[in-house]
Amino acid sequence: MQNITLIVVGKLSERFFKEGCAEYQKRLQAYCNFKVVELAEEPIRESRPGSAEIERALQKEGERILQSLPKGCQMCALCVEGTLISSEELADYFAKTALGGTSSLAFVIGSSHGLCETVKKQAARRISMSRMTFPHQLARLVLTEQIYRACTINAGVRYHK
């Protein structure tokens with residue numbers, strides 16, 4: 001059984017996002033060892049922060065992200081410049097990494113300012129969910145559902161249409 005860790009910067013605040021994520025986390029128990037690691041968003045003191053202040057915050061968040069990665073995992077960074085993939089391609093990625101001997105995957109969603117370059121450079125893969133912009137809580141729900149969908153595709157379950 002694969003170990004899948006979702007590392008996110010920021011917490012879920014809306015009840016409907018919490019409930020949706022909890023439902024997919026419960027369903028994932030049948031297919032993988034799924035864990036969520038929530039990290040605090042680095043405070044930015046300025047109301048209109050400059051690029052140096054944002055970069056400082058991203059670096060601090062990046063350090064915490066890298067410290068949170070499970071040993072031996074293959075990391076996927078979710079970022080706007082990543083590759084767009086289908087649900088089937090995500091399922092194929094899970095299968096290929098498992099066959100290749102990688103039992104641990106980590107998906108990383110950064111803060112509202114994104115991810116620092118250090119994290120992106122260490123990622124085995126950069127994935128984009130869409131060319132559209134999503135709130136981070138929605139991105140977390142969609143990614144959790146897509147991980148569930150990929151697992152059901154690989155298991156041959158009729159969830160995926």
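Tutor: Helices here are DSSP runs of H or I with at least four residues, strands are E runs of at least two, and both are numbered from the N terminus. This is a predicted model, where local features need pLDDT of at least 70 and side-chain atom pairs pLDDT 80 or more, while totals for chains, interfaces and linings use all residues. Residues are numbered from 1 along each chain as its sequence is written, and side-chain values use heavy atoms, leaving out hydrogens and water.

Student: Which residue follows α5?

Tutor: That's G156, with a positive phi near 75°.

Student: Is T144 buried or exposed?

Tutor: Buried means under 20% relative accessible area, exposed over 50%, and partly exposed in between (1.4 Å probe, protein chains only). T144, in helix α5 (residues 136-155), has 2% relative accessibility, so it counts as buried.

Student: What does T144 contact beyond its neighbours within four places in sequence?

Tutor: Contact means heavy atoms within 4.5 Å. For T144, the partners include L6, C21, Y24 and F34.

Student: In what order do the strands of the sheet lie?

Tutor: Strands pair if DSSP finds at least two bridges between them. Here the open sheet runs β2-β1-β4-β3-β5, with parallel pairing. Since β2 and β5 (125-128) sit at the edges with a single partner strand each, one side of each has no neighbour in the sheet.

Student: How many bridges join β3 to β4?

Tutor: Five, and β3 covers residues 74-84. C76 stands opposite F107 in β4.
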